[in-house]
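Please keep the sequence and the structure in view while reading.

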Amino acid sequence: MAAQGLEGKNVSLAEKLLELAVTTAHEAGRMLVDKRPVEGPAVVQTKSSPTDVVTQMDQAAEQLIVERIGAVRPHDAFLGEEGGSSDGSSGVRWVIDPIDGTVNYLYDLPDWAVSIAAEVDGETVAGAIVIPRRGETYTAWRGGGARLHTDVGVRELRCNTGVSLDRALVATGFGYASGRRAHQARVLTQVLPRVRDIRRSGSCCVDMSSLAAGRIDAYYERGLQAWDIAAGTLIVQEAGGRVGGLNGLTAGPEFAIAGEPVLFEALHDLLAPLDPARDL
């Protein structure tokens, strides 16, 4: 999509927003690769714990994204992880994670992503996740399916189906606060014997993209924010998956589960009695 524009086509608003998201995410991704300091990015602040860091590159990427989109659509609202939030009057809001997987980026590991989603009247209609070090771009618009774009072409995405819980490769992640980590470790000891294996990339966006691409079968995590999951949720849903929380709640800070609908239910039923600690 980045290389083939939508000019001259009869396209929906969602497709137009997606093209802008893709173009902007690619620009941010290139900047993050090209301008990453050789000695590593500087940590400028911490959030939930001393290991939950924000680098100067997180801030620079979010500023770039807001400026580029704002120049094209000046009346839209923004919600960004690093504080780039503002109100708008158009009914469109952009939900931005400039670097999902900041610790991976800090250590120069490849699994980090730029995530941009567009909401219209509160519903996510377009989402793009760019993983620069993998050369992968994941896209979806509401009702239009999900796709993986690489140098070798484009392919439609579908979540794996027909996988039982005991044969499922499940991804997860951990928070930064020590109490939450201890709780998550206890949950993990109960999950691991019941599934094929566990994977941990360090990036929610990478995990959800991998789920849509069939590289894992399911995913769960506690403590995710809107910017972590906005684009990934749409990509998984358009790939045939289900995303939600525990006991009928929507996915959010308390909990998120993603997977093909039948496996989603099985994983939910395993996790629900194991993770009652809503204050962690």
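Glu-265 and Arg-242 are joined by a salt bridge between their side chains, at 2.5 Å from N to O. A salt bridge is defined here as a side-chain nitrogen of Lys or Arg within 4 Å of a carboxyl oxygen of Asp or Glu. The two partners belong to distant parts of the chain, 23 residues apart: Glu-265 is in helix α7 (residues 261–271) and Arg-242 is in strand β13. Helices (H or I, at least four residues) and strands (E, at least two) are DSSP runs, numbered from the N terminus.

Glu-265 has a relative accessibility of 36% and therefore counts as partly exposed. Arg-242, at 34%, is also partly exposed. In these terms, buried means under 20% relative accessible area, exposed means over 50%, and partly exposed lies in between (1.4 Å probe, protein chains only).

## Basis of the model

The model is predicted: local features need pLDDT of at least 70 and side-chain atom pairs count only at pLDDT 80 or more, whereas totals for chains, interfaces and linings use all residues. Residues are numbered from 1 along each chain as its sequence is written, and side-chain values use heavy atoms, with hydrogens and water left out.

## Other salt bridges

Across the whole structure, a search finds 13 salt bridges. One of them joins Asp-108 to Arg-36, with the closest N and O atoms 4.0 Å apart. These partners are 72 residues apart: Asp-108 lies in the loop between α3 (102–106) and β5 (113–120), and Arg-36 lies in the loop between α1 (13–34) and β1 (43–46). Asp-108 is partly exposed, at 39% relative accessible area, whereas Arg-36 is buried, at 17%.

A further salt bridge connects the side chains of Asp-166 and Arg-167 at 3.4 Å, N to O. Asp-166 is partly exposed, with a relative accessible area of 40%, and Arg-167, at 47%, is partly exposed as well.

## The five-stranded sheet

Which strands form the open sheet, and in what order? Five strands take part, in the order β11-β10-β12-β14-β13, and their pairing is mixed. Two strands pair if DSSP finds at least two bridges between them. At the edges stand β11 (197–199) and β13 (242–244); each has a single partner strand, so one side of each is left without a neighbour in the sheet.

Strand β14 (residues 256–259) runs antiparallel to β13, and three bridges join the two. Within this pair, Arg-242 stands opposite Gly-259, and Gly-244 stands opposite Ile-257. Four bridges join β14 to β12, again in an antiparallel arrangement; here Ala-256 is the bridge partner of Glu-221. In a regular strand, side chains alternate between the two faces of the sheet. Both faces of β14 are covered, with Ala-256 and Ala-258 buried on one side and Ile-257 and Gly-259 buried on the other.

## A buried serine

Is Ser-201 buried or exposed? Its relative accessibility is 16%, and therefore Ser-201 counts as buried. Ser-201 is located in the loop between β11 and α5.

The side chains of Ser-201 and Asp-207 make a polar contact of 2.9 Å. A polar contact is a pair of N or O atoms within 3.5 Å; within protein, one must be able to donate a hydrogen and the other to accept it, and residues adjacent in sequence count only if both atoms are side-chain atoms. Leaving aside residues up to four places away in sequence, Ser-201 touches Asn-104, Asp-111, Val-206 and Asp-207, where contact means heavy atoms within 4.5 Å.
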